[in-house]
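Thanks, everyone, for making the time this morning.

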Amino acid sequence: MSISQVNIDAFRAINDIGIKNVSLDPIAIFMADYMIFVLALGMLVYWFTRTNKNRMMVIQGGVAFVIAEVLGKIAGTMYYHNQPFAELPHVNQLIAHAVDNAFPSDHSILFFSICFSFWLVRKKEGWIWLIVAVIVGISRIMVGVHYPGDVLTGALIGICAAVFSYWLVPRLSFVTTILTKYEKVEQSLLPIKAKTEDQSNHY
């Protein structure tokens with residue numbers, strides 16, 4: 001059995017879940033198409049806790065995504081295939097999508113680069129974000145727009161980028177400088193009482 005056939009068989013097993021359990025389709029559609037807004041909201045909430053730890057985490061996640069997206073585009077030039085609904089018969093396609101290169105999954109790149117960045121900094125609730133990333137990846141298969149190989153490759157790229165960003169960003173002095181200047185402006189516009197060290201460590 002070739003790798004491509006394994007990929008197809010794994011896709012069928014996951015995509016067929018929606019055919020056998022139509023009640024799961026709305027959940028899959030929400031996770032595949034709209035969970036990105038929940039992720040964006042999460043980043044905003046972390047940012048406006050106004051703690052250095054959370055803000056550096058958000059910055060690391062953003063840098064990780066940019067790095068991962070570049071790596072994903074490079075990977076896409078090396079291997080090409082269309083979405084499953086464009087290549088296979090009887091696909092349970094639940095969302096509209098343009099026919100283009102499905103490799104690797106951009107959603108997996110986005111969610112794993114940012115969610116793994118969250119996990120590296122805040123492991124307690126970071127597991128929740130990792131579970132979200134996994135469910136989003138599976139949902140992209142359930143709605144018929146990616147093969148499992150697309151999702152796994154995107155996840156691997158995102159995780160590697162997150163680890164690299166976690167190492168890199170704290171070593172970039174200009175990031176700290178820009179963040180300090182931003183916080184001064186923010187404090188002048190939206191003043192808050194300075195947190196004690198114990199309070200800051202609580203976040």
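This is a predicted model: local features need pLDDT of at least 70, side-chain atom pairs count only at pLDDT 80 or more; totals for chains, interfaces and linings use all residues.

Let me begin with helix α9, where Val175, Leu179 and Glu186 are buried, buried being under 20% relative accessible area, exposed over 50% and partly exposed in between, with a 1.4 Å probe and protein chains only. Seen down the axis of α9, these buried residues fall within an arc of 30 degrees, so they line one face of the helix; the arc is that of the directions from the helix axis to the C-beta atoms. On the other side of α9, Ser173, Lys181, Lys184 and Ser188 are exposed.

Residues are numbered from 1 along each chain as its sequence is written, and side-chain values use heavy atoms, with hydrogens and water left out. The chain averages a pLDDT of 92, and 93% of the residues score at least 70, pLDDT being the predictor's confidence in each residue, from 0 to 100.

Helices here are DSSP runs of H or I with at least four residues, numbered from the N terminus. Helix α9 covers residues 173–189, and its 17 residues reach 25 Å from the first C-alpha to the last, close to the 24 Å expected, that is, 1.5 Å times one less than the number of residues.

What do the buried residues of α9 pack against? They pack against α3 (35–47) and α4 (52–78), contact meaning heavy atoms within 4.5 Å. Val175, with a relative accessible area of 10%, touches Met56, Ile59 and Val169, leaving aside residues up to four places away in sequence.

Turning to the cores, a nonpolar core is a set of buried Ala, Val, Leu, Ile, Met, Phe, Trp, Tyr and Cys residues joined through side-chain atoms within 4.5 Å. The largest has 24 residues, and those with the most contacts inside it are Leu39, Phe111 and Phe118. The elements giving two or more residues to this core are α3, α4, α6 (106–121), α7 (123–142) and α9, and α6 contributes the largest share, seven residues. Phe118 touches Leu39, Met43, Tyr46, Met57, Gly126 and Trp129, again not counting residues up to four places away in sequence. A second, separate core of 13 residues includes Phe11, Val91, Ile95 and Tyr147.
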